[in-house]
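Here's a quick walk through a two-chain model, written for someone who would rather look than calculate. Keep the viewer open as you read.

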Amino acid sequence: MTTYILRRFLQTGVVVIILSFVTFAVMALMPGDPVDLRASADPHITPEDIERLRELYGLDKPLIIRYKNWAMEVLQGELGFSRTYRIPVTDLIGDRLVNSVILSGSALFVALLIGIPLGVFSGLKPNSKLDYSANMIAFAGISTPSFFLALLLILLFAVQLSWFPASGTLSPGNSELSFFDGLLDRLNHLVLPMLSLTALQMGVYVRYSRSSMMEAMRNDFIRTAKAKGMDRKTVIWVHGFRNALIPIVTIVALSLSFLFSGSLITETVFGYQGIGKLLYDSIIGNDFNVAMVSFMITIIMVLLMNLLADLLYAVIDPRISYS
Amino acid sequence: MTDSTQQAAQEPEGKGGEGFDETVEAKSMLQIVISQFRDHRLAVVGFVFICFFLFVGIFADLISLAINIDPDEQNLTERYAPMGSTLERSYDQREYELEQFAKRNADAMPALLAELSGAGILNAGADNEAFISHFAGRSVAALPELRPLTSEAAGDLSSAIEEFMTFHLLGTDEAGRDVLLRLVYGTRISIFVGIIVALAAAIIGLFIGSLAGYYGGIMDAMLMRVTDSLIALPRLPFMIVFAAVDLKQLPLLDLIISGENESIWKVFVVLVIFSWMTVARLVRGSILSIREREFVLAARTLGARDIWIIFRHITPNVIAPLLVAVTLGVGESILSEAALSFLSLGIQPPTPSWGNMLLNAKEMIYEAPHLILLPGVLILITVMSFNFFGDGLQDAIDPKAIRR
């Protein structure tokens, strides 16, 4: 098991290095390097100045050397300066990551809280009214494009009913509010993006838990337990549900990676200051340092979560072993 | 397709030949597939919607002609008109139409001008320019003045002026363009992109999957490692990065991404890069099992080359699942295209696509909410239709699921 974990970590590390190079090379194709952007903003700049600036920043060197320099600096914790925000990237990333984890984490929590019971109960009574409506909800959630759902929520709850703000993370002047009011303000901004993400994910959980519950209840030992005259509740929860849990946990583990990659569109539509919006804004704004770092963070998180999911399988299901 | 259905049709009949019930009418494979597909009600609904959207997309130009509006015609004085409004065309457009009228009827113009000045509508000795500026300015208010005139040219002029009024069933957008027509042309773009992306991805996936599956060994390990890592990656952040950079700087891609529809081809390239993996996996899996079958061994014994075996003997057996994958892929590509366009990294305006229409509508969510609902609902319906259609197709052509 230990060797397996070590090997997987090593593999993930290699993949991260390859991907960082590919991303670096692709981002080098962005229209206009930092010097071009600076030159276009300064009418007095001469071609010699441009040449000198290029040399100063090392932009005249070949791609592989530039990548090596960048990677060395990042490894030493030097993430560079943001062109658009005018602050070090390190100061920018922390808050955004926290915001993203709050948003996606709460969405995941609510989705599980509603989705799994809904799926389990509809799996217990297939073709009932509950099953039918749960299926409808699941299908609607899975098929609706995230950006359209976000716009619909804004249209209904912000434009028509004005219950919640249409966008943002905090109101201006939030820091002057008392702790409780400040928290309330944050929650107020969180509701719509969270609802949107919840609706998108919940369908998957409903479907999975429904089918795995049905599968579990078809086992022979369930019939045996019933035949022994065991209490119905014990049969369902101790014998059925515990076995249904294995596939459910795996799908939850897999969707952990979604925490970091799935909310990009939702964050952008709601103007929620998370890592996804940061990535989008930096790419649109040609902010190379921020784009590179936020992209790599997203990728590393996704890969780590996938790894975690793989390892969780073995912990949950004793039948799987990686030796 | 016909090849594989015939092959498949002979197999089950041959096996069940002895116990064949004489009262049951024999059906060809195609008939069975169609009748099974019909049982899947939602899939049939999806299929009908797909046909409708295809029809709209193909005949977009005819629709534009029929309602006599150009999809790019702007009218900045009539932005965000409500649904079902009748609007006056912009002054520039009226001027343009009158110029065209004067050009078309160049021979009859002197007589018409004389008639108009005789009736006191124009000053004596007025030329074409005075004529155009007078009627462009007066617009439909000039119609009563023209009524007493009897000549044929005056009648033509009246009908030309009547066309200054346009009817907009779904209102107008932020540039005063007709929303219905924008949606119609958006349908064309979205469906077109969805279909060619899914087809191109299928061809690439077929190629890579067959190489990996047929040769196995190192080739298989390498190709599948790449495929698996691409599947494990989050698609959207990658697509955004690729869509944002200048892909034309890469060799080969500059051949594809060129011409006036550059943004469409760019979206095509970005989407294809990230959507061939499913097909590759599917094809590899099927080939691994088919490779061991007797007819492949027979072909090899007869001296067939690898390429021939892959494309003539193995590919036809993969076509059915491939078809399903392509159908589902179309829905997914339409969704991705809309997402990219919505993030302003996909199809660039003024070319309409459902995604960039949503983006524009987002700015005006308070003033014109219907502009969000229309393209959004179209995306939803189309994607669901392709998903249902794919599901139904899968059930219908799966030989294991055949009910008799």
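## Ground rules

This is a predicted model, where local features need pLDDT of at least 70, side-chain atom pairs count only at pLDDT 80 or more, and totals for chains, interfaces and linings use all residues. Residues are numbered from 1 along each chain as its sequence is written, chains are lettered from A and ligands numbered from 1 in the order in which they are written, and side-chain values use heavy atoms, with hydrogens and water left out.

## Chain A as a whole

Chain A has 14 helices and 0 strands. Here helices (H or I, at least four residues) and strands (E, at least two) are DSSP runs, numbered from the N terminus.

How far does the C-alpha trace of chain A span along its principal axes? The answer is about 90 × 55 × 35 Å. The radius of gyration is 25 Å, whereas a compact globule of 323 residues would have one near 20 Å; the value is taken over C-alpha atoms, and the globule rule is 2.2 Å times the number of residues to the power 0.38.

Of the 323 residues in chain A, 46% count as buried. Buried means under 20% relative accessible area, exposed over 50%, and partly exposed in between (1.4 Å probe, protein chains only). Take contacts in chain A between residues at least 6 apart in sequence: 73% of them join residues at least 24 apart. A contact means heavy atoms within 4.5 Å.

## Helix α5 of chain B

Over in chain B, helix α5 covers residues 91-104, so to speak a 14-residue stretch, and reaches 20 Å from its first C-alpha to its last. That is close to the 20 Å expected at 1.5 Å a residue, with the expected span being 1.5 Å times one less than the number of residues.

Which residues of α5(B) are buried? They are Gln93(B), Arg94(B), Leu98(B), Phe101(B) and Ala102(B). Their cover includes β1 (85-88), α6 (109-118), α7 (128-138) and α9 (152-162) of chain B.

Arg182(B) sits in helix α10 (residues 179-215) of chain B. With a relative accessible area of 1%, Arg182(B) is buried. Beyond its neighbours within four places in sequence, Arg182(B) has contacts that include Asp72(B), Asp173(B) and Pro350(B).

Arg8(A) belongs to helix α1 (residues 2-27) of chain A and is buried too, at 16% relative accessible area. Leaving out neighbours within four places, Arg8(A) is in contact with Leu307(A) and Asp310(A). Arg8(A) and Asp310(A) are 302 residues apart along the chain, yet their C-alpha atoms are separated by 9.6 Å.

Pro350(B), one of the contacts of Arg182(B), lies in the loop between α17 (306-342) and α18 (354-363) of chain B. A cis peptide bond joins Pro349(B) to Pro350(B), with omega about 10°. The loop between α17 and α18 also holds Ser344(B), which has a positive phi of about 60° although it is not a glycine. Ser344(B) is partly exposed, at 32%.

Chain A has its own case: Asn127(A), in the loop between α5 (89-124) and α6 (129-143), has a positive phi near 65°. Is Asn127(A) buried or exposed? Asn127(A) is exposed, with a relative accessible area of 74%.
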